[in-house]
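I opened the model today to see what its surface looks like. My notes follow in the order I looked things up.

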Amino acid sequence: MSHRIARLFEALLYLLWADPGPRVVPGRPATPYRPARERRARARRQQARRVALWLALHGVDIGPRVIHGRVVAA
């Protein structure tokens, strides 16, 4: 009986902590695997954009200084 419980917990832990990886959608090319380091960097950049937007809504200008490849005047 204990081995069944252990297998159940292994399955639950796998569902909770496993990285799902790339998803394949019929009719679309498979997306390349993106290492965790790149995902974290992308998440940090997104968070920085959200903070800048939130501060801009409250009247504080912190950037960005370059938008779409063009330097924005301060």
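I began with the surface total. The model is predicted. The chain exposes about 7,400 Å². Carbon and sulfur atoms supply 62% of that area.

Next I checked burial. Buried residues make up 4% of the 74 residues in the chain.

Then I went through the secondary structure. I found 2 helices and 2 strands. Along the sequence they run in the pattern α-α-β-β.

Helix 1 came next. I placed it at residues 2–17, which makes 16 residues. From first C-alpha to last it reaches 22 Å, close to the 22 Å expected at 1.5 Å a residue. How many of its 16 residues are buried? The number is 0, so helix 1 lies largely in the open.

I looked for nonpolar side chains on the surface. Ile5, Leu8, Phe9, Leu12, Tyr14 and Leu15 form a nonpolar patch there. Together they have about 670 Å² of accessible area. Isoleucine 5 sits in helix 1. Is isoleucine 5 exposed or only partly exposed? Its relative accessibility is 40%, so it counts as partly exposed; exposed would need over 50%.

I moved on to helix 2. It covers residues 36–57. It has 22 residues and reaches 32 Å between its first and last C-alpha. That is close to the 32 Å expected at 1.5 Å a residue.

I then searched the surface for charge. Arg37, Arg40, Arg42, Arg44, Arg45, Arg49 and Arg50 gather in a patch of positive charge. I took arginine 44 as my example from this patch. Arginine 44 lies in helix 2. Its relative accessible area is 54%, so I noted arginine 44 as exposed. The cut-off for exposed is over 50%.

Key: Residues are numbered from 1 along each chain as its sequence is written. This is a predicted model: local features need pLDDT of at least 70, side-chain atom pairs count only at pLDDT 80 or more; totals for chains, interfaces and linings use all residues. Side-chain values use heavy atoms; hydrogens and water are left out. Helices (H or I, at least four residues) and strands (E, at least two) are DSSP runs, numbered from the N terminus. Buried means under 20% relative accessible area, exposed over 50%, partly exposed in between (1.4 Å probe, protein chains only). Accessible areas come from the Shrake-Rupley method with a 1.4 Å probe; for residues, only the protein chains shown count as cover. The expected span of a helix is 1.5 Å times one less than its number of residues. Patches are made of residues with over 30% relative accessible area and no salt bridge: like charges are joined within 9 Å, nonpolar side chains (Val, Leu, Ile, Met, Phe, Trp, Tyr) within 5 Å. A salt bridge is a side-chain nitrogen of Lys or Arg within 4 Å of a carboxyl oxygen of Asp or Glu. Lys and Arg count as positive and Asp and Glu as negative; His and the chain ends are not counted. The place of a charge is taken as NZ of Lys, CZ of Arg, CG of Asp or CD of Glu.
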